[in-house]
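Dear colleague,

I am passing on the structure we spoke about, with short notes on what was found in it. Please read them alongside the model below.

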Amino acid sequence: SGRISWSRFAPSVLTRPTGSYPIVPRAGLQTFRGIGRGALALFGGIGARVLFVRELGRAFTEVRTWSREVIHQMRAIGVDSLPLAIMVASFIGGVITIQIRYQLFPGIQLSIVGLSARQIVILETGPLLTGLVLAGRVGAKMTAEIATMRVTEQIDALETLSFDPVAFLVIPRLIAAVIMLPILTIFADVFGVLSGLMAAVTITDVKYAQFMEGVRLGYD
């Protein structure tokens, strides 16, 4: 018929090593194959995450499996992280207050120190540093726990006992993190502002009344 069947050439083109081609077409082939591998990896990652979200939605229906673990994970994620979150926020609040005071030029009302410390701690550094504390401490702990359970075949044992691993391991941690993160942020904000107050009164020339005037500014 005179027509060329390209299907018999496709396997050799797809599986032939790039280094076996001549130098001139090799560069272009490397580029296109790199783009193809990157696209496959990108869409493969998106697909894996979509499937994981679907598994989360299905696991939420198994309330009897994850409900008993939520309180335990709230303690592990929230209560055990509280000292570290408070310590980090306290240091940051004190440093911010001192830096703001010594950056002001003469003639500025000192109540701006309290206002700036409140805004910076509550709107920016408090939530950010609390999230970083949870991501660093709790995220590493969760990863180590689940990896150890996989290596020691504890996850396989859960499946053998008719427990859904996603409902038993992932959902309680997810719910506990969503609940405890705002609570930890509130504690971090409070102690950050209190630390700023202590630093302003004891280290700088800002008075208690001046600092509190700035903290209350806009809320009276």
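How far apart should the ends of helix H4 (residues 82–103) be, given its 22 residues? At 1.5 Å a residue, H4 should span 32 Å, and its end C-alpha atoms are 31 Å apart, which agrees. Bear in mind that this is a predicted model.

Several residues of H4 are buried: Ala85, Ile86, Ala89, Ser90, Gly93, Gly94, Ile96, Thr97, Ile98, Ile100 and Arg101. The elements that cover these buried residues include helix H5 (111–151), helix H7 (165–202) and helix H8 (208–216).

How many aromatic pairs does a search of the whole structure find? There are two. One joins phenylalanine 60 and tryptophan 66, with 6.2 Å from centre to centre and 80° between the planes, an edge-to-face arrangement. Tryptophan 66 has a relative accessible area of 14%, so this residue is buried, the cut-off being under 20%. Phenylalanine 60, at 35% relative accessibility, counts as partly exposed.

The other pair is phenylalanine 163 with phenylalanine 168. Their ring centres are 5.7 Å apart and their planes lie at 65°, so this pair is edge-to-face as well. Phenylalanine 163 is partly exposed, with a relative accessible area of 28%. Phenylalanine 168 is also partly exposed, and its relative accessible area is 22%.

Regards

Definitions and conventions. Residues numbered from 1 in each chain as written. Predicted model: local features only at pLDDT ≥ 70, side-chain atom pairs only at ≥ 80, totals over all residues. Heavy atoms only, no water. Helix = DSSP H or I, 4+ residues; strand = E, 2+ residues; numbered from the N terminus. Expected span 1.5 Å × (residues − 1). Buried < 20%, exposed > 50% of the residue type's maximum accessible area, 1.4 Å probe, protein only. Contact = heavy atoms within 4.5 Å. Phe/Tyr/Trp six-rings, centres within 6.5 Å; stacked < 30°, edge-to-face > 60°.
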